[in-house]
Amino acid sequence: MRRLAIGFIPLTDAAVLIAAAERGFAMAEGIEIDLHKEVSWANIRDKVNIGLLDGAHMLGPLAIASSLGLGHVRVPLVVPFALNLNGSAITIDKHVYAAMGEVGEDLSTAPGAALALGKVVRQRKAEGRDPLVFAAVYSFSTHTYLIRHFLKAGGVDPDRDVRLVVVPPPFMAESLRGGLIHGFSVGSPWNSVAVDADVGRIAVLGAELFGWVPEKVLGVHARFANAEPEVLHRLVRALYAAARWCEDPTNHEDLAKLLGEPRHLNLPADILRRTLDGRLHTAPGGALRVHPDYLILNRDGANRPSQDHALWMYAQIVAAGQGEFAADAAREAMGVYRPDIFDAAVGPVPVKHPEPDCVGTQFGEIFDQAAFLKG
């Protein structure tokens, strides 16, 4: 029995890893997973980098940034499995959201909410007030890129008109309650936690901005992937079986209870069940916002790591000013995602989901993928 130390952050999209460890899928492949709950993505990065963890629940852009040496030391990581697509939202302080409701925009749509926030930001600036502060979970994350595009859609310069900071996911709701931030971009269930605590309002879902967004992955050090390919194949198979189980709605009640346990997310099962089902309250006791693609754990080939997704994330890194474009770096970013490992472990899986729907929309500039490939 091969024992593996796998890290995770308490988020709903850690479901596949937790289910693999706790519902027998890893054991069926001759693997014992020791789950390590971490508080921040920097902890995850550092512990995988130095070998304290064999692998981890990881942000896709983090794996790419680490492999390119952006924002930290250069450590080659490998992504053989995608844990989910979508699952994020942007939540706004309830007082700021109330002000957004007074400027004449339709807050039920993503463009309307973005325009309303832009008007509030400009009003505050005209009144000489301090800029609003928005948090994302990590600098290199889809959450950072979601909030940047949302702000730009409202005519807000994310680098000049507001402050962007990093807050670990479990601290988001309390940071909002304490007045340290005015909004945040994070994965579930922390948006719903802020709503249920009556400190925030969900303004927009990630799926409403970008369609199908690449999110968390299994990230492992390239050293482990090269030294123990057969073990990695077994781990990928275990995760794929767990993902199929997690996607099945008939298992969501059991999964929500499992995730809610103190050693995992330590939250009420009903909040987690809503996020698994894509049924979110935008305000306490308010109408449900239902989105069938809010969180995708397996269907339509979501678990196969897409090199197009890696390229899309590299485009976001460049667009955010976190690195200069280089054709070699673009190709290296694509190489972090390893569909060949997934295919060798699982076999052919039909991929039906579209790529992130950003090009040509009002949500900011996106680099044309073909241009990257041509260098």
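This is a predicted model: local features need pLDDT of at least 70, side-chain atom pairs count only at pLDDT 80 or more; totals for chains, interfaces and linings use all residues.

Q: Is Ser-40 buried or exposed?

A: A relative accessible area under 20% counts as buried. Ser-40 has 12%, so it is buried. Beyond its neighbours within four places in sequence, Ser-40 is in contact with Ile-9 and Pro-168.

Q: What describes the packing of two helices?

A: Two packed helices are described by the angle between their axes and the distance between the axes. Here, the axes of helix H12 (residues 252–260) and helix H13 (residues 269–277) cross at roughly 130° and come within 8 Å. H12 is therefore oblique to H13. The crossing of H12 past H13 is right-handed.

Q: Which residues make the contact between H12 and H13?

A: On H12 they are His-252, Glu-253, Leu-255, Ala-256, Lys-257, Leu-259 and Gly-260; on H13 they are Ala-269, Leu-272, Arg-273, Leu-276 and Asp-277. By class, this contact of H12 with H13 has six nonpolar, four charged and two polar residues.

Q: What does His-252 touch?

A: Not counting residues up to four places away in sequence, His-252 touches Cys-246, Glu-247, Arg-273, Leu-276 and Asp-277. The side chains of His-252 and Asp-277 make a polar contact (2.6 Å).

Q: How far is the C-alpha atom of His-252 from that of Asp-159?

A: These C-alpha atoms are separated by 40 Å, and the two residues are 93 residues apart along the chain.

Terms used. Residues are numbered from 1 along each chain as its sequence is written. Side-chain values use heavy atoms; hydrogens and water are left out. Buried means under 20% relative accessible area, exposed over 50%, partly exposed in between (1.4 Å probe, protein chains only). Contact means heavy atoms within 4.5 Å. Axes are lines fitted to C-alpha atoms, for helices over the stretch in contact, and angles run from 0 to 180 degrees between N-to-C directions. Helices (H or I, at least four residues) and strands (E, at least two) are DSSP runs, numbered from the N terminus. Angles under 35 degrees count as roughly parallel, over 145 as roughly antiparallel, 65 to 115 as roughly perpendicular and the rest as oblique. A crossing is left-handed if the near helix is turned anticlockwise from the far one by less than a right angle, and right-handed if clockwise. Ala, Val, Leu, Ile, Met, Phe, Trp, Tyr, Cys and Pro count as nonpolar, Asp, Glu, Lys and Arg as charged, and the others, Gly among them, as polar. A polar contact is a pair of N or O atoms within 3.5 Å; within protein, one must be able to donate a hydrogen and the other to accept it, and residues adjacent in sequence count only if both atoms are side-chain atoms.
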